[in-house]
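Hi,

Here is the structure I promised to pass on. Have a look at it first, and then read my notes below.

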Amino acid sequence: MTQGAPLESNMITALQDVLTDCCVELMAAYGIEVQAEGQRFSDAPTPKVAAAIDIHGTQLDGTVMLVATRGILVATNSALDGTDPPSDTDLFDLSLELVNQVAGRLKTKLRSRGLSFQVDLPRIISLKPSNTKANIIQQRLVSSFGSVAGFVDIALAPDLILDDEVDDGLPKEGDVILF
Amino acid sequence: MPKILIVDDSPVVRTQVSKLLTDSGFEVAQAADGLEGSASIRENADIALVLCDVNMPRQGGLEMLSSLQTELAERHLPVVMLTTEGDPQLIAQARKSGACGWLVKPFKDNILLSVCNKLTQANQ
């Protein structure tokens with residue numbers, strides 16, 4: 001896919017909303033309330049874990065990243081009845097699974113709006129954001145446990161339009177289908 | 001109690017699911033990818049159900065299913081895909097390859113247990 005054009009502002013807003021929903025819902029699934037930065041909770045600067053997963057399709061290509069402070073990962077681990085206390089390795093593994101789940105949510109939500117892509121395997125990265133601001137969408141959320149930020153750094157096809165969301169009847173998170 | 005094989009490259013998921021299932025009385029085996037999963041299925045005739053991720057290194061879940069299709073059918077061994085994916089093409093591919101279910105992560109404990117109880121009892 002060739003390099004996409006800078007996003008239209010309404011497209012940025014639409015994708016921002018989708019990304020925010022994915023991150024908020026992901027954390028809520030583990031009983032953790034998060035809010036967009038600047039509201040109610042504040043976040044002290046602490047070391048963060050960054051995990052990434054590449055996504056690629058005919059209309060969309062790039063990387064989804066999740067950057068979380070240790071506190072929020074510990075809280076999520078606790079919600080999973082994970083090892084107590086969790087080791088750094090446990091938290092790295094958890095962040096890989098969380099970014100996988102964010103990408104899965106993103107895929108589900110964007111598919112209902114006519115956009116599809118494949119998801120690769122997740123990896124831990126050292127945070128090095130792209131220098132071009134044109135196609136970066138990010139949402140940082142804070143809670144009493146710490147912060148989590150979702151980043152989407154993608155090139156989009158210039159003629160991309162997001163459809164209105166439809167209920168496509170396909171399985172969502174927590175759903176089961178028995179054939 | 002029935003033995004359930006968990007095939008997932010995420011140690012977090014394997015630990016979470018194992019704990020849930022063992023706390024509910026199931027015996028559990030684990031594998032980190034499709035190749036390990038295939039080997040475990042072939043070596044353990046007492047596995048009653050397989051929970052399998054889709055996206056894994058070395059060999060993914062759908063590839064594992066395809067490689068074991070005949071054997072799974074002969075043993076009537078149910079396989080449920082446990083994955084973040086909800087892609088209809090992947091679901092159809094899984095069904096065609098012999099999977100009997102698809103569960104989207106993060107799962108609810110009671111739903112996963114209900115599925116495991118139902119499928120292991122049906123297979124007895």
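Before the notes, one term: a pocket here is an open set of grid points where a 1.4 Å probe fits, with protein on both sides within 12 Å along at least five of seven lines. Bear in mind too that this is a predicted model.

With that in hand, the largest pocket holds about 330 Å³ of space. Its lining has 19 residues, and those nearest the centre are Ala79(A), Leu80(A), Gln16(B), Phe107(B) and Asp109(B). Which helix gives the largest share of that lining? That would be α1(B), with five residues. By type, the lining splits into eight nonpolar, eight charged and three polar residues.

Now chain A as a whole. You'll find three helices and eight strands in it, running α-β-β-β-α-α-β-β-β-β-β from the N terminus. Of its 179 residues, 49% are buried. Among the chain A contacts with a separation of 6 or more, 74% are between residues 24 or more positions apart. The accessible surface of chain A is about 8600 Å², and carbon and sulfur atoms account for 50% of that.

Last, helix α1 of chain A, residues 9-29. Its 21 residues reach 30 Å from first C-alpha to last, close to the 30 Å expected. Its buried residues include Met11(A), Ala14(A), Leu15(A), Val18(A), Leu19(A) and Cys22(A). Residues three or four places apart in an α-helix point the same way, because there are 3.6 residues a turn. After α1(A) comes Gly31(A), with a positive phi near 75 degrees.

Cheers

Definitions and conventions
Residues numbered from 1 in each chain as written. Chains lettered and ligands numbered in written order. Predicted model: local features only at pLDDT ≥ 70, side-chain atom pairs only at ≥ 80, totals over all residues. Heavy atoms only, no water. Helix = DSSP H or I, 4+ residues; strand = E, 2+ residues; numbered from the N terminus. Expected span 1.5 Å × (residues − 1). Buried < 20%, exposed > 50% of the residue type's maximum accessible area, 1.4 Å probe, protein only. Contact = heavy atoms within 4.5 Å. Areas by Shrake-Rupley, 256 points an atom, 1.4 Å probe, with all protein chains shown as cover. 1 Å grid on protein atoms, 1.4 Å probe; cavity = no way out; pocket = protein on both sides within 12 Å on 5 of 7 lines; lining within 4 Å. Points joined across faces, edges and corners; volume = space filled by probe spheres on them. Nonpolar A, V, L, I, M, F, W, Y, C, P; charged D, E, K, R; others polar.
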